[in-house]
Amino acid sequence: MMNLTDKIYIAGHRGLVGSAIVRALEKQGFNNLLYKTSKELDLRDQEAVDEFFAQEKPNYVFLAAGKVGGIVANNTYRADFLYDNLLIVANIVHAAYQNNVTKLLFLGSSCIYPKLAPQPIKEEYLLTGALEYTNEPYAIAKIAGIKLCESFRDQYGANYISVMPTNLYGINDNYHPENSHVLPALIRRFHEAKISGHKEVVIWGSGSPRREFLYADDLAEACLFLMNTYNEKEIVNIGCGEDISIKELAEIVKEVTGFDGDLKFDISKPDGTPRKLLDVSKIHKLGWQHKTTLKDGLINAYQNFLTKQHHPLLT
């Protein structure tokens, strides 16, 4: 059980997940938080990571750092996604063990599961089938992270746990026009169409794939809950247990952003996995459920998008 004065390191604190974890910790009164930007600490550098852990001696670690992106980014920068993410998890997990970290929580991804896994996806489906090709390198790096945590637990008794979040969105998301995930990409596309007076928005793919979306601040609450209560080897899915088609999602984003034009689906772009819904019965039985509805979360995400002054259309 974490104490309010424990030193807690959040790796990846400026990202979607890491920043949500920081907000959740601060909301609960934790006052000894530790984080470094990528310029201050390159997590791919083993020597630098070792020195950082030896000097700071954190009690708890939330490993939310990594190279992330959507379908196009995953498929384009395959070597980078595999290499960078392997180095990050290997360096941090090893340094945590060397410096007697009390507990570590590793953030995986639902893309670790087989492309054609039965739905909803149970934790035990891991490594039972082929992965989706477009994000295979990223998924393999995440699977390696899970197995690394399990192996340090098996060999050394380290209390390292792994969680598998579903598709995420929220504050501090990545809105890059090519390298973002589907939901922030839609928010940007609809907003730009609205202020440019365009009559239609083009959606990649057929619109038929079904996806589950969880507000990042809900995920952060789940991570704190599990850090305090869960000490087992087996992975834990984190999601809302409900999915929606990309077409239905686009209609909600259209409403939230105030765009009044038409939708057009570009079937030349890849759909990715036809359906991805996590079985969240395990975390429900442990005592946690999500709180934020998709529409409420999207309203918050869009308001946050409007404050991002780096966006050329918002300056």
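Q: Which residue in β12 stands opposite glutamate 200?

A: A word on the source first. This is a predicted model, in which local features need pLDDT of at least 70, side-chain atom pairs count only at pLDDT 80 or more, and totals for chains, interfaces and linings use all residues. Residues are numbered from 1 along each chain as its sequence is written, and side-chain values use heavy atoms, with hydrogens and water left out. Strands of a sheet pair through backbone hydrogen bonds, either parallel or antiparallel. Here, aspartate 262 in β12 stands opposite glutamate 200. Strands (E, at least two residues) and helices (H or I, at least four) are DSSP runs, numbered from the N terminus. Two strands pair if DSSP finds at least two bridges between them; β7 (residues 200–204) and β12 (residues 262–266) have five, in the parallel sense.

Q: Which residues of β7 are on the covered face, and which on the uncovered one?

A: Val201 and Ile203 form the covered face of β7, whereas Glu200, Val202 and Trp204 form the uncovered one.

Q: In what order do the strands of the six-stranded open sheet run?

A: The order is β2-β1-β3-β4-β5-β10, with parallel pairing. β2 (33–34) and β10 (236–238) are the edge strands, each pairing on one side only. Inside the order, β4 (residues 103–107) and β5 (residues 160–165) are joined by four bridges, and leucine 107 stands opposite valine 163 in β5. Helix α4 (residues 78–98) packs on this sheet, touching β1, β3, β4 and β5, and its direction makes about 170 degrees with that of β3. Such angles run from 0 to 180 degrees between N-to-C directions, with axes fitted as lines to C-alpha atoms, for helices over the stretch in contact. Contact means heavy atoms within 4.5 Å.

Q: Which members of the largest nonpolar core touch the most other members?

A: A nonpolar core is a set of buried Ala, Val, Leu, Ile, Met, Phe, Trp, Tyr and Cys residues joined through side-chain atoms within 4.5 Å. Buried means under 20% relative accessible area (1.4 Å probe, protein chains only). Of the 75 residues in the largest core, Ile21, Leu25, Phe53, Phe62, Ile92 and Ile238 touch the most other members. Helix α7 (residues 216–229) gives the most to this core, with eight residues. Apart from this core lies another, of 23 residues, among them Leu183 and Phe190.

Definitions and conventions:
Buried < 20%, exposed > 50% of the residue type's maximum accessible area, 1.4 Å probe, protein only.
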